[in-house]
Amino acid sequence: MQKFNRVSHPQRQNQLEKLIERLGLSTQQKIAWQLLDLALTHPSVSTQDNYEQLEFVGDSVVRLVASELLLETYPNAPVGEFAAVRSILVSDRILAEISNSYGLGRYLLVGGSATRDRLGEESRLADCFEAVLAALYLSTNTLELIRPWLDQHLLERATDIFNDPARQNYKAALQEWTQSCYKILPQYKVNETGYAGDEARFTASVWLRGEQLGTGTGRTIKAAEQAAARVAFLSVAKNGGQTDNE
């Protein structure tokens, strides 16, 4: 892992200190500033000195934090439940949301065409978030710089997931219901209704036996189908496991 000199520049050091303060930490704590700078450097800036190696470490760090939190909060939950909930907590979507809440994007150094790549924004934010976690972990080789601010975000989302019968995977939940009741799979129809990067670029509808159960939009086909499945599943659940025409 290469050493950086950018933190010797007052402006960059000031940026990193502001981020640390936004996380609720003190700049007087033991922070590996060069690693933090590296964690906020996209590969488009440097093919060698970037966040990729730290991201690799951070992937394990966030899984460890989520695992500890789930075990402490839900000590009687089955291991299978832990695995299912953790997979959602450490997904790009969730990590990008948390990353956005701290404005990590404004501290991330990005170059070239990546600056205009809106489709890759979620992935970039999730990747650099994992890298930041790695930098903080490697600063002390403990979770003391991470759990004080990350726990609240994961706990809120874990609570929502445990209270959601579909575990936020509405396509899988809807499919399980249609197979159980009708021995068939729902069908999805997707149209491109926007432009690349739009939050509602795709519009999806989900159908069962000729009946439209729900519609939804998303930046990707997968997201649009998930949104449509959510509408359908919640409608079916509200109607006691029946479609509107039954």
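Analyst: A contact is a pair with heavy atoms within 4.5 Å. In this predicted model, residues 24 or more positions apart account for 59% of the contacts with a separation of 6 or more.

User: Which helices and strands does the protein have, and in what pattern do they follow one another along the sequence?

Analyst: The protein has nine helices and three strands. Along the sequence they are arranged as α-α-α-α-α-α-α-α-β-β-β-α. The C-alpha trace spans about 70 × 45 × 25 Å along its principal axes, and 45% of the 246 residues count as buried.

User: Into which domains is the protein divided?

Analyst: The domain assignment gives domain 1 as 8–161 and domain 2 as 171–238. Between the C-alpha centres of domain 1 and domain 2 there are 31 Å.

User: How should I read the length of a helix, taking H6 as a case?

Analyst: One compares the distance between the end C-alpha atoms with the span expected at 1.5 Å a residue. Helix H6 covers residues 121–140, which is 20 residues, and reaches 29 Å from its first C-alpha to its last, close to the expected 28 Å. In H6, 15 of the 20 residues are buried, and the helix is mostly covered.

User: What does the same reading give for H9?

Analyst: Helix H9, residues 221–238, has 18 residues that should span 26 Å at 1.5 Å a residue, and its end C-alpha atoms are 26 Å apart, which agrees. Its buried residues are Ala224, Glu225, Gln226, Ala228, Ala229, Ala232, Phe233 and Val236. These buried residues pack against H8, E1, E2 and strand E3 (211–218).

User: How are the axes of H5 and H6 placed relative to each other?

Analyst: For a pair of helices, one reads the distance between the axes and the angle at which they cross. The axes of H5 (residues 92–101) and H6 come within 8 Å and cross at roughly 75 degrees. Because angles of 65 to 115 degrees count as roughly perpendicular, H5 is roughly perpendicular to H6. On the H5 side the contact is made by Asp92, Arg93, Leu95, Ala96, Ile98, Ser99 and Asn100. On the H6 side it involves Glu122, Ser123, Leu125, Ala126, Cys128, Phe129 and Glu130.

User: At what angle do H3 and H7 pack?

Analyst: Helix H3 (residues 52–73) and helix H7 (residues 147–162) pack at about 60 degrees, with their axes 10 Å apart. H3 and H7 are therefore oblique to each other. The contact residues of H3 include Val65, Leu69 and Thr73, while those of H7 include Arg147, Leu154 and Phe162. The crossing of H3 past H7 is right-handed.

User: What is the phi of Lys183?

Analyst: Lys183, a residue other than glycine, has a positive phi near 60 degrees. Lys183 lies in the loop between helix H8 (170–182) and strand E1 (187–192), and it is exposed, with a relative accessible area of 69%.

User: Is Ala204 buried or exposed?

Analyst: The place of Ala204 is in strand E2, residues 202–208. Since buried means under 20% relative accessible area, Ala204 counts as buried at 1%. Leaving aside neighbours within four places in sequence, its contacts are Lys189, Val190, Gly214, Thr215, Gly216, Ala224, Glu225 and Ala228. From Ala204 to Ile221 the C-alpha distance is 7.5 Å, although 17 residues separate them in sequence.

User: Which residues does Thr27 touch?

Analyst: Not counting residues up to four places away in sequence, Thr27 touches Glu17, Ile20, Glu21 and Trp33. Thr27 is found in the loop between helix H1 (10–22) and helix H2 (33–39). The C-alpha atoms of Thr27 and Leu16 are separated by 9.2 Å, and the two residues are eleven residues apart along the chain.

Methods
Residues are numbered from 1 along each chain as its sequence is written. This is a predicted model: local features need pLDDT of at least 70, side-chain atom pairs count only at pLDDT 80 or more; totals for chains, interfaces and linings use all residues. Side-chain values use heavy atoms; hydrogens and water are left out. Domain bounds come from an automatic or database domain assignment. Helices (H or I, at least four residues) and strands (E, at least two) are DSSP runs, numbered from the N terminus. Buried means under 20% relative accessible area, exposed over 50%, partly exposed in between (1.4 Å probe, protein chains only). The expected span of a helix is 1.5 Å times one less than its number of residues. Axes are lines fitted to C-alpha atoms, for helices over the stretch in contact, and angles run from 0 to 180 degrees between N-to-C directions. Angles under 35 degrees count as roughly parallel, over 145 as roughly antiparallel, 65 to 115 as roughly perpendicular and the rest as oblique. A crossing is left-handed if the near helix is turned anticlockwise from the far one by less than a right angle, and right-handed if clockwise.
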